[in-house]
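Me: Please take a close look at one part of this model, the sheet and the helices packed around it. I would like one connected account.

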Amino acid sequence: MWEIEKNCRALEFDKVCRMLADNAGGDDAKTRALELIPKTTLIQVQGEMHRTEDAHSLAARYGYPYILKLKNCGDALKRAHAGASVTPRDLLDIARILQSSRTLSDWRGRCEEEHTTLDSIFHDLLPNKALEDKITGAILSEEEIADNASPALSYSRRKIRISEQKVRSQLDGLIHSTAYQKYLQEPIVTIRDGRFVVPVKAEYRGEVKGLVHASSASGSTLFIEPISVVEANNEIRVLESKEEIEIERIILELSGEVGEHMDGILQSYDAIVELDLYFAKAMLADQMNAVAPEITDDGVVILKNARHPLIDKNKVVPTNITLGGNFDTLVITGPNTGGKTVVLKTLGLFTLMAMSGLMIPAGFGSRISVFSQVLADIGDEQSIEQSLSTFSAHMTKIIRILQDTDQRTLVLLDELGAGTDPVEGAALAVSIIQKLRSKSARIAATTHYPEIKMYALQTEGVENACCEFDVQTLRPTYRLLIGVPGRSNAFAISERLGMDSDVVENARALISGEDARFEDVVSELERSRQELEREKQEANIHTLQAANIRQELQEEKNKIDALREREMEKVRMDAQKLLKDIQDEAARMMNELEELKKQKDSEAFSQMASNAQVSYRTSMKKLERLADPVFKRSGTPNQTPQRPIRRGDSVILPGVKKTGVVLTNPDQNDYVTVQAGVMKTKVRVSELRLAGQPDKKTTVNSRTLSNIRANVGRGTRDVRTELDLRGKTVQEALLDVDQFIDNAVLLGLNTATIIHGKGTGTLRAA
């Protein structure tokens, strides 16, 4: 157990446990959080993680349940079960357990989830509302019992109040009596030894008959119980004695009842503490923005965007860590303060957290393997008392690690082989790694030795990694690069810090040629990798920008298509409505003409009606073409523009009553392209008029309209401002009037004259 705690402290797991305890409500839940021990089997770890996930999911949907801060009442319940009486304070603490059990059970009942892994714990809650109410109704505080705790207690207290009022009335009469006022120190009634007394001046002791119960510190005042109230005070004392006996009986009765339910109360308390701990884990996950990793036992660890929880969340740099799979050993190199130790601690800490049912601050898709133990040699354990050097302290711990390691062990070694001769230290480090690998352990180690880098390059199952370092700024990026050996960068850092160049160059000359070539290769690889990384980032940026542009264009196209469809539909609906109205009116008129034909047999009249039908059908065809706004039309111009139409002009499309913009100059066929809203169409110039050009108004009089000609039906005929009907029959006159009015309306005439004569008045009436 001591070794487990020591390894957990080395990885700072105890600090995470303190963060967990801060989120727990009760003392026992806090204690369990501080004493959290990682599970070592796959089923246990998966069960713990599922319960934490379910607590997190329930809290996210329904809010965290309110858990009272409870006291462990196990000892009091055992005494009550044995038949002893417990204190009112103990009874109130037990009532709080019952209350918390009830509120948690009610909270779960309001959640809609059909089943969670926490339900077995919720089922252990055994609310007892009757017992809870009985305790809280009888005990107001640890020093006060309610009057209605029992009828006997209520009766005793009522009698006491009556007796006290009687005594006070007697003493009030005495202290306000003129005969006694001069004997009293003050005209008040007070209590001494539980009996009502009055303060009497010492020199008048013999003037007030009664029992002396006390005196003031100076001796100038005596507190005397007058003889007249002694019996009443005695009665009060008897009643108070009965009250105390009844209170003891009530407490003993309540103690007996809670003793009978001891097992259920203890079971509920354990369930509350357990739920308190799981919801504390959920709260910690919220604080760390953590996720639940996939749990396996195959020795593979994959951490995506891992953030050490003890580093300021505004400063921590997410990193990706992989161990297992294609390699069982990870050798991490790089300069000091580059983040190598943080990588080791993150790997070990996240493993311990997941094995304890804690969600980890990493990205989705992370994966944690369950190990039987996590052994770590991190930090300097030099001991003066034991005469151990840094190297000796490390070796002592590594020896224990070698003894305890098996195939389900995760081993973390910081600065392996440091503290002694570099040649011997490197050789020893390689040998230690080989020994650990022979036991099938998973290993992550940090080092500066090039020999270990070379060993990783040449050995299958061993992978190099480095913590990236920016030599220009002398700052680490804290990014772990797996598959790339790192450099210590001692020469570059020294130069940047101001070391004389001749000293640095001399140092470079002193290292062996083989080591120098190896470092040069590593340096060139790092330079190439950084260049590729920059190019990759730029390519990703361009790809993202292109994707955004494509998305924007597609959204704009969708908007234009939708707008075009709406506009087209609106125009068609308007045109169809207009056509429907005209068709209805035309049908009515055609029916009237048919009726006229039935009433008139003359050949001339029949020919006129036939001509009118043809004229109306032709007009209807034209209107049908107008109902489609994109139909290519040509016809007589509405109006001659004041000037030639050219590109850029705002024009009116009379056919669809829309304003548009001319996009092209007239072509050889006198057509231009016009855009009206989202619609583009080719229109003959003669069908357009400039927007804002006023319509030409016609002043109607006999001189100006005598020669106007207009298109009516299929032919062209003279239009007059007068129609002479004299001498015609009613049916002929009605037809002529109908055609005359239609022509006048088509020309926009405002005034016309119809001459019907006098005669019999038949034409005028018709």
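Reply: pLDDT is the predictor's confidence in each residue, on a scale from 0 to 100. This is a predicted model, and its chain averages a pLDDT of 81. Of the residues, 80% score at least 70. Two stretches call for caution. Over residues 381-387 pLDDT stays under 50, and the model has 8 contacts for them beyond four places in sequence. Residues 630-638 also stay under 50; there the model has 18 such contacts.

Now the sheet. It is open and has 4 strands, in the order S3-S4-S6-S5. The pairing is antiparallel. Strand S3 (190-192) and strand S5 (210-215) are the edges, each pairing on one side only. Neighbouring strands are turned by 50° against each other on average, direction ignored.

Take the pairing of S4 with S6 next. Strand S4 covers residues 195-201 and strand S6 residues 221-226. The two run antiparallel and are joined by 4 bridges.

Helix H9 (residues 151-175) touches S4 and S6. The direction of H9 makes about 15° with that of S4. H10 touches S4, S5 and S6, and its direction makes about 140° with that of S4.

S6 also pairs with S5. That pairing is antiparallel, over 5 bridges. Here Ala 214 stands opposite Phe 223 in S6. S5 and S6 form a hairpin, with 5 residues between the strands. In the turn, Gly 219 has a positive phi of about 80°.

The angle between H9 and H10 is about 160°, and their axes lie 9 Å apart. H9 is therefore roughly antiparallel to H10, as an angle over 145 degrees counts as such. The crossing of H9 and H10 is left-handed. From H9, the contact includes Ala 152, Leu 153, Ile 160 and Val 167, along with Arg 157, Lys 159 and Glu 164. Among the H10 residues they meet are Ile 236, Leu 239, Ile 247 and Ile 250, as well as Glu 235, Glu 240, Lys 242, Glu 243 and Glu 246. By class, the residues of this contact divide into 9 nonpolar, 4 polar and 8 charged.

H10 has a further helix partner. Helix H6 (residues 88-110) packs against helix H10 (residues 230-260) at an angle of about 40°. Their axes are 11 Å apart. H6 and H10 are therefore oblique to each other. Their crossing is left-handed. H6 contributes Pro 88, Leu 91 and Ile 94 to the contact; H10 contributes Ile 251, Leu 254, Ser 255 and Val 258. This contact has 6 nonpolar residues, 1 polar and no charged.

Helix H2 (residues 13-23) and helix H11 (residues 262-288) pack at about 115°, with axes 8 Å apart. H2 is therefore roughly perpendicular to H11. This crossing is right-handed. On H2, the contact uses Val 16, Met 19, Leu 20 and Asn 23. On H11, it uses Leu 277, Ala 280, Lys 281, Met 283, Leu 284 and Gln 287.

Technical notes
Residues are numbered from 1 along each chain as its sequence is written. This is a predicted model: local features need pLDDT of at least 70, side-chain atom pairs count only at pLDDT 80 or more; totals for chains, interfaces and linings use all residues. Side-chain values use heavy atoms; hydrogens and water are left out. Contact means heavy atoms within 4.5 Å. Axes are lines fitted to C-alpha atoms, for helices over the stretch in contact, and angles run from 0 to 180 degrees between N-to-C directions. Angles under 35 degrees count as roughly parallel, over 145 as roughly antiparallel, 65 to 115 as roughly perpendicular and the rest as oblique. A crossing is left-handed if the near helix is turned anticlockwise from the far one by less than a right angle, and right-handed if clockwise. Ala, Val, Leu, Ile, Met, Phe, Trp, Tyr, Cys and Pro count as nonpolar, Asp, Glu, Lys and Arg as charged, and the others, Gly among them, as polar. Two strands pair if DSSP finds at least two bridges between them.
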